[in-house]
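Biologist: Hello! I am new to this structure and would like to walk through it with you. Could we take it piece by piece?

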Amino acid sequence: MRVCSTYRSSTDYDGRKGCREYRLDAFDELPEWDEETVITLCGKDVSSVPEGFTGLVDVGDDDIPCGFRKIVSHHDFDGTPSADEIVSILSANGAEVTKGAFMVRSFGDLCSLLDASASIGRRHVILGMGETGTVTRLRQRILGNEFTFGYVGEPTAPGQLGADEMSDLGDDCTVLGITGNPLGHSMSPLMQGAAMKAAGIKGVYLRFQSDSLDRIEDAIRGYDIRGMNVTIPYKTDILAHLDRVDDVAGSVGAVNTIVNDNGTLKGYNTDVAGIVHAFRDGCPDKGSKALIMGSGGAARAAVAAMTGMGCEVTVVGRNPVTVNTISEDFSVSGVLSADVSDYDIVMNCTPIGMKEDTPYPADISGICDRHIVFDAVYNRTTELMSKARSAGATILSGRDMLIGQGAEAFRLWFGMDADIDAMEAVFR
């Protein structure tokens, strides 16, 4: 991987050699330079470039004559156009290298960059901005880029990684990720990153927040993404984008883990294993009555886990269609309202409490010290957890579910056990 080390401030300059970018809005006087150096004008006049400079001068979007080896660069901070539009934009200049950076918000955007890079037919740098576009910075070879950018000191673009980290990772590093919407709360990147580091695996785990799943399969294959977790709201919709699903995922009807096996995308449900992991120290008695709030992918996994442990399960939710579906699929009771007093185990498998509190589909006022209470929401103390703690109930954390499902996903991706201690340490 050829990383162009870029500096946001002259105070970050560390004398490193190789490909490097000096921004003229940050450097009053240029440090040493050579043929690998890139100078970006950043609003300064081309006369600021030293006489005899042999590197590349990035003149921005205006294809001005400058008398130097030239990069013309186009930045779109609003979005990513189609592949044909990208090729048209980047072909309309006479630069030695043409560069385009586009804000990425979906898998379709990632594929537009990939398709454009394959058909542009000239020396180029095509990158995606934003967190969803970070993978483009690690796949220089796949995109055919002349180089890729990594920061020294502070990032100079959204989604950028550090130059040293990128050099250490290299083109062939393992890329994992998570998709859903929203993803800002997810601890999976830190948790899986810790597990990979503990195992000595050279790789990264990225967030792929997308407004749809359109072309997700093309992005996973095209960018050589080893695997991906799937979360709200895509755990059932993802099924249509996969080549195969395992028996557990098929019976649950939801997928939260994708494995890319040489281009064949296989779907798994490790949420079931995650819930079993959360109950490892408090396995319910057979015949215990479990109330599961929710009727989406997480709830389906919870039903599978709890029926597998011999519980009598009731699902409660506000959507009569999905509640009826899960009830029929698993041959369990489905209701639109419930009182927790009638149950031994109370499980929240909805997003309620993740951001702001909204009413639960069941009356939770009757929680007492005989209850086992589980909440899949782990990023804050929810109303359910507060009531359970005040009542002296047995509390099972959604963090344990996350760790359990993450460890099982790690095993599927790498064929080895994850370091649970390393994963747990992220939360401590």
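This is a predicted model: local features need pLDDT of at least 70, side-chain atom pairs count only at pLDDT 80 or more; totals for chains, interfaces and linings use all residues.

Biologist: Which residue in β16 does I292 stand opposite?

Modeller: Strand β15 covers residues 289-293 and strand β16 covers residues 312-316. The two pair in the parallel sense over five bridges. In β16, the residue opposite I292 is V315.

Biologist: Which are the edge strands of the open sheet?

Modeller: The open sheet has six strands with parallel pairing, in the order β17-β16-β15-β18-β19-β20. An edge strand pairs on one side only, and here the edge strands are β17 (333-335) and β20 (394-397).

Biologist: At about what angle does helix α11 run to β17?

Modeller: Helix α11 is made of residues 320-330 and lies across β16 and β17. Its angle to β17 is about 170°.

Biologist: Thanks! Now to another helix: is V87 buried or exposed?

Modeller: V87 has its place in helix α1, residues 83-91. A residue counts as buried under 20% relative accessible area. At 17% relative accessibility, V87 is therefore buried.

Biologist: And which residues does V87 touch, not counting those up to four places away in sequence?

Modeller: Helix α2 (107-119) is among the elements that cover the buried residues of α1, as are β5 (69-76), β6 (97-103) and β7 (124-129). With residues up to four places away in sequence left out, V87 touches A116, S119 and I120.

Biologist: Why do the buried residues of α1 lie on the same side of the helix?

Modeller: The buried residues are A83, I86, V87 and L90. They are on the same side of α1 because they cover an arc of only 100° around the axis. In general, an α-helix has 3.6 residues a turn, so residues three or four places apart point the same way. For α1, the value to remember is the arc of 100°.

Biologist: Which residue caps the N-terminal end of α13?

Modeller: Just after α13, G415 takes a positive phi of about 70°. At the N-terminal end, a side-chain oxygen lies 2.9 Å from the backbone nitrogen of R399, and the capping residue is S397.

Conventions. Residues are numbered from 1 along each chain as its sequence is written. Side-chain values use heavy atoms; hydrogens and water are left out. Helices (H or I, at least four residues) and strands (E, at least two) are DSSP runs, numbered from the N terminus. Buried means under 20% relative accessible area, exposed over 50%, partly exposed in between (1.4 Å probe, protein chains only). Contact means heavy atoms within 4.5 Å. The arc is that of the directions from the helix axis to the C-beta atoms. A polar contact is a pair of N or O atoms within 3.5 Å; within protein, one must be able to donate a hydrogen and the other to accept it, and residues adjacent in sequence count only if both atoms are side-chain atoms. Two strands pair if DSSP finds at least two bridges between them. Axes are lines fitted to C-alpha atoms, for helices over the stretch in contact, and angles run from 0 to 180 degrees between N-to-C directions.
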